[in-house]
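Student: Could we go through this model together, starting with its backbone and then moving on to how the chains meet?

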Amino acid sequence: MTMSDWSKVERPIPMPTPLTQHFWDGAKAGKIIFQHCQACDNWQHPPSPVCTNCIGVDLKFEEAAQTGTIYSFTVGFHGGDRRFAAAIPYASIVVEMDGSKVLMAGNLLDVPYTEAHVGRRVKVVFEPLTDDITLPQFKLAD
Amino acid sequence: MVWDHRFEVAVSGVGISKITRSSETPLAALAVDAVQKAVADSGLKMSDIDGLVTYAELPASGHAAVDGLTMVSTNAMMTALKLPNLRWHMQNETVNIGGSTQLAVNALIAGACDYAIVFRALHNPPGQYQNLPGKFAQGNSQFTAPYGFGGPAQGLAVEYARYLDRFGQDREKTAALPLAQRKHANLTPEAYFYDTPLTPEDYHNSRMVAWPYRLYDCDIPVQGATAYVLTRTERARDLKPKPALLAGFGQRIQVELNGRISSRADYMGAGGSSSNLTWERAGLGPKDVDVAQIYDGFVGSAIYGFEAYGFCGEGEALDYIQGGRIELGGEMPVNTFGGSLSAGRLHGGWHIIEGALQASGRAGERQVPNAEVSFVGASGANINATTFIFVPEPY
């Protein structure tokens, strides 16, 4: 089973907003930064102006754990988006992060796509994409 | 509480444009065609039409919204039709065509208009679907598009993968839905796949698009339009076709958090909040339903609908759809026109039209005998559900 070749993939480049800039600044510094409600302890991502649990507005950007469990996944076989054609088939995963319990998307790197299963343990790795943007990605934790 | 306005509004004429794979004809021309057909089906003149509403979203993300070509707004339709007696018009930005329909219902009950046209036009860009333009990922897609979650297939595939894992379900059982719907499309002359059968072998040999979705688990993107005339029932009785009376409607009042990555699979709350309103207003329940149209942008959309709307229990839909139950002649025929999977991705407009045709006994070869209660889930239970019940008269 071969592995996805990501070297020829032209990933869409994230466009930060004032609210999401904290996440991307964190990723560039090798940290995972999520929004944390000071009133009810809810963590959320993507960031929102209001706590999605308690409607509170006292939200701080804080460092969160870099490990988690695959919550779900899909395997891309469709060449429609030609920017990703070189990597087909590839695993796009959604990870429930330890502690914060937020869901974060990524690709499962360095293993064949057949290794993507619900419940597998993963850890974040950081991949520079441009001078400004570093993408959090995932590898198997074991 | 049972709705005060039960049976006061009805669907009368309906219109479906020519359905093509992509843009051979400018979209506004197709939309006008659908409206003209609906008006003629009612036996009305364009000068009778005094209400107009649409939901105009272009779902092919990243493509430019060009009014008349890639989407058709209420303003564009007003300009095209020059309705001399227009008294009410509107365009909604949420809950899709089901929302437009509910706006028209409310306008009719309020007396803001007498004959409202609801239309929906859908563009399919030329070239391979999901060849998405744009170097940058904006908004919430900045957290998903860089990882290959470019279009709706991947985003909704993770939800279905989670569903299958959560309930220990076999992906291949999914086949029952697209196979049933293709049989129905083969009885629907307007359907994109009217002339094309689908065998179990075709299904199981079809390519995977985004695990766990195979090709035939995805809707067929098309260029086309739907339209229908809504009016108060006492007026509908004087028009050409038998009316389909609206017994109740609902919309989701609980929703997955906008932009949240993937889903906590809480389609039960979202879809259920809409159908509960509908059952209560109509004084009916899932067991009363004779025929159902359940939005099927992807197979999962309908699977969640069966459960959220109460036709079966949570996690049971893949078993529920087996054994011919959902085929014409079965206990609960579903998507009797072929649905988005086989008739064409025109969002919920066609689902509402077929629901009305079944209730008024006008579904031709596809007619469910003695269809007394016709249910419509006009958009995904997992996203922006709106639900309706149409009945013939006498109730």
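Student: Where does A:P46 lie?

Tutor: A:P46 sits in the loop of chain A between β3 (43–44) and β4 (59–64); helices (H or I, at least four residues) and strands (E, at least two) are DSSP runs, numbered from the N terminus. Residues are numbered from 1 along each chain as its sequence is written, while chains are lettered from A and ligands numbered from 1 in the order in which they are written. This is a predicted model, in which local features need pLDDT of at least 70 and side-chain atom pairs count only at pLDDT 80 or more, whereas totals for chains, interfaces and linings use all residues.

Student: And the peptide bond from A:H45 to A:P46, cis or trans?

Tutor: That bond, from A:H45 to A:P46, is cis, with omega near 0°. The bond from A:I88 to A:P89 is cis too, with omega near -10°, and A:P89 lies in the loop between β5 (67–76) and β6 (90–97) of chain A. As background, most peptide bonds are trans, and most residues other than glycine have a negative phi.

Student: What about phi of A:D110, positive or negative?

Tutor: A:D110 is a residue other than glycine with a positive phi, near 70°, and it belongs to the loop between β7 (103–107) and β8 (121–128) of chain A. With 14 other C-beta atoms within 10 Å, A:D110 is partly exposed; a residue is called buried if 20 or more other C-beta atoms lie within 10 Å of its own, exposed if 12 or fewer, and partly exposed in between, with C-beta atoms placed from the backbone.

Student: How many residues of chain A are in contact with chain B?

Tutor: There are 30 residues of chain A in contact with 38 residues of chain B, where contact means that two C-beta atoms, placed from the backbone, lie within 7 Å. On the side of chain A that touches chain B, β1 (13–14), β5, β6 and β7 each supply at least two residues, and the largest share, 6 residues, comes from β5(A). By class, that side has 17 nonpolar, 10 polar and 3 charged residues, with Ala, Val, Leu, Ile, Met, Phe, Trp, Tyr, Cys and Pro counted as nonpolar, Asp, Glu, Lys and Arg as charged, and the others, Gly among them, as polar.

Student: In which sense do β1(A) and β5 of chain B pair?

Tutor: β1(A) and β5(B) (residues 136–137) pair in the parallel sense over 2 bridges; strands pair if DSSP finds at least two bridges between them. A:I13 stands opposite B:F136 in β5(B).

Student: Last topic, helix α3 of chain B: how many residues does it have?

Tutor: α3(B), residues 96–110, has 15 residues and reaches 22 Å from its first C-alpha to its last, close to the 21 Å expected, the expected span being 1.5 Å times one less than the number of residues. Of the 15 residues in α3(B), 12 are buried, among them B:N96, B:Q102 and B:L108. Just after α3(B), B:G111 takes a positive phi of about 85°.
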